[in-house]
Amino acid sequence: MSQPTLVIGNINWFRYASPQAFYPLAGAMIPWFAWAAALLCVAGLYVGFFVAPTDHQQGESYRIIFIHVAAAWMSMFIYLVMAFWAGVGLVFNTRLSGMMATALAPTGALFTFIALWTGALWGKPTWGAWWVWDARLTSELILLFLYFGFMALQAAIDEPRRADRAGAVLALVGVVNIPIIYYSVKWWNTLHQGASVNLTSAPTMAATMLAGMLLMALAAWMYSIAASLHRVRSIILERERSADWLVKYRHTAEP
Amino acid sequence: MNWASWSDFFAMGGYGLYVWGSYAVTAGLIAVEVIMLFVRRRNALSRVGAPAAGERP
C-alpha cells in the first residue's frame with residue numbers, strides 16, 4: 001500500500017503517520033510527558049493546598065476547583081483532539097489517525113467522569129444539591145455518553161478500519177456538543193458559575209488560586225498525552241501483531 | 001500557611017468529605033487507568049506474532 005505524502009520544509013510529515021515509525025517515537029516521548037505530569041501535579045497540589053488562601057465565600061470547599069476545572073477542560077479538549085484525528089483518518093485514510101482517536105477516548109471519558117464527580121461534591125455544599133438538570137451539567141453528561149457511545153460502537157465492530165470510520169462519524173457529529181458545554185453558562189440561566197478564566201478579561205480569582213488551577217490543568221494535559229501515547233502503542237501492537245516490522249522489531253529492540 | 005495542624009488540614013474547614021472525596025476518587029481512577037494501560041500492553045505484547053484479526057491462523 002502506498003503511503004500519501006505531505007512534504008513541507010523537506011520533511012515528509014506523513015512519515016510519522018505510519019504505525020511503524022510512530023511506535024518507537026511515542027515510546028521515547030512517554031517518560032517525558034509522564035514526569036512532567038507528576039512534577040506539575042505535585043507543584044499544583046502544593047500551591048493549591050498550602051499557598052492559595054481560603055475563599056471568603058466558599059471557605060475550603062473551593063479547593064475542589066484544582067481538579068474540577070482541570071478535568072472539565074481536558075474532557076472537552078480531548079474530545080476535540082479525538083474528533084480531529086478521527087476526521088483526519090476519515091479524509092486521508094491514515095491508519096494511525098484512527099488508532100489515535102481510539103486511544104484518546106478512555107482518557108477523555110475518565111476526565112469527563114472526574115469533572116462530573118467533583119462537580120457533584122462541590123455542588124452539594126455550595127448549591128445544596130448533588131445534581132441539577134441544568135445546561136452545563138446536562139451537556140457534560142451528554143459528553144460522557146458520547147465517549148461511551150464511541151467506545152461501544154468501536155468495540156462492536158470487528159474490523160478495525162470499519163470501526164475507525166464508524167467511530168469517526170459519531171465523533172464528528174458529537175463535536176457540536178463542545179461549544180454547547182462551553183457557552184452553556186452564557187446561553188442559559190444556570191446555577192453553574194461562569195468561566196473563571198477567559199481571553200478577553202482579567203481572571204476573577206486570586207493569582208495563587210489561578211496558578212494552582214493552571215498547574216493542575218497542565219498536569220492533566222501532560223498526563224493525557226502520556227496515557228494516550230501509551231495506549232496507542234498497545235493498539236499498534238494489537239492491530240499490527242502479525243506485521244513483519246513488528247515481529248522483527250521485537251527481536252532487535254526493547255518493544 | 002493555611003493550616004494550624006494536620007487535623008485542621010484533614011478537616012478542610014468542615015468540607016473534608018467533599019474535598020477529600022473529590023481528590024481520593026480522582027487519584028483512585030487515575031491509578032486504575034494506569035494499571036489498565038500496563039495490563040493492556042502486557043497482553044498486547046504477548047500476542048505479537050499471532051495472526052491479525054480476521055486472518056485464518
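How many helices and strands does chain B have? Chain B has two helices and zero strands, where helices (H or I, at least four residues) and strands (E, at least two) are DSSP runs numbered from the N terminus.

This is a predicted model, in which local features need pLDDT of at least 70 and side-chain atom pairs count only at pLDDT 80 or more, while totals for chains, interfaces and linings use all residues. Residues are numbered from 1 along each chain as its sequence is written, and chains are lettered from A and ligands numbered from 1 in the order in which they are written.

Of the 57 residues in chain B, 12% are buried, that is, with 20 or more other C-beta atoms within 10 Å of their own, C-beta atoms being placed from the backbone.

The largest nonpolar core has 71 residues; such a core is a set of buried Ala, Val, Leu, Ile, Met, Phe, Trp, Tyr and Cys residues joined through C-beta atoms within 7 Å. Elements giving two or more residues to this core include helix H1 (19-51) of chain A and helix H2 (16-46) of chain B. H7(A) gives the most, with 17 residues. A:Ala71 and A:Ala220 are among the members that touch the most others. These two are also in contact with each other, contact meaning C-beta atoms, placed from the backbone, within 7 Å.

Between the chains, 34 residues of chain A are in contact with 28 residues of chain B. On the chain A side, H3(A) provides the largest share, nine residues. The classes on that side are tabulated below.

| Class | Members of the class | Chain A side touching chain B |
|---|---|---|
| Nonpolar | Ala, Val, Leu, Ile, Met, Phe, Trp, Tyr, Cys and Pro | 16 residues |
| Polar | the others, Gly among them | eight residues |

Terms used
Lists of a residue's contacts leave out its neighbours within four places in sequence.
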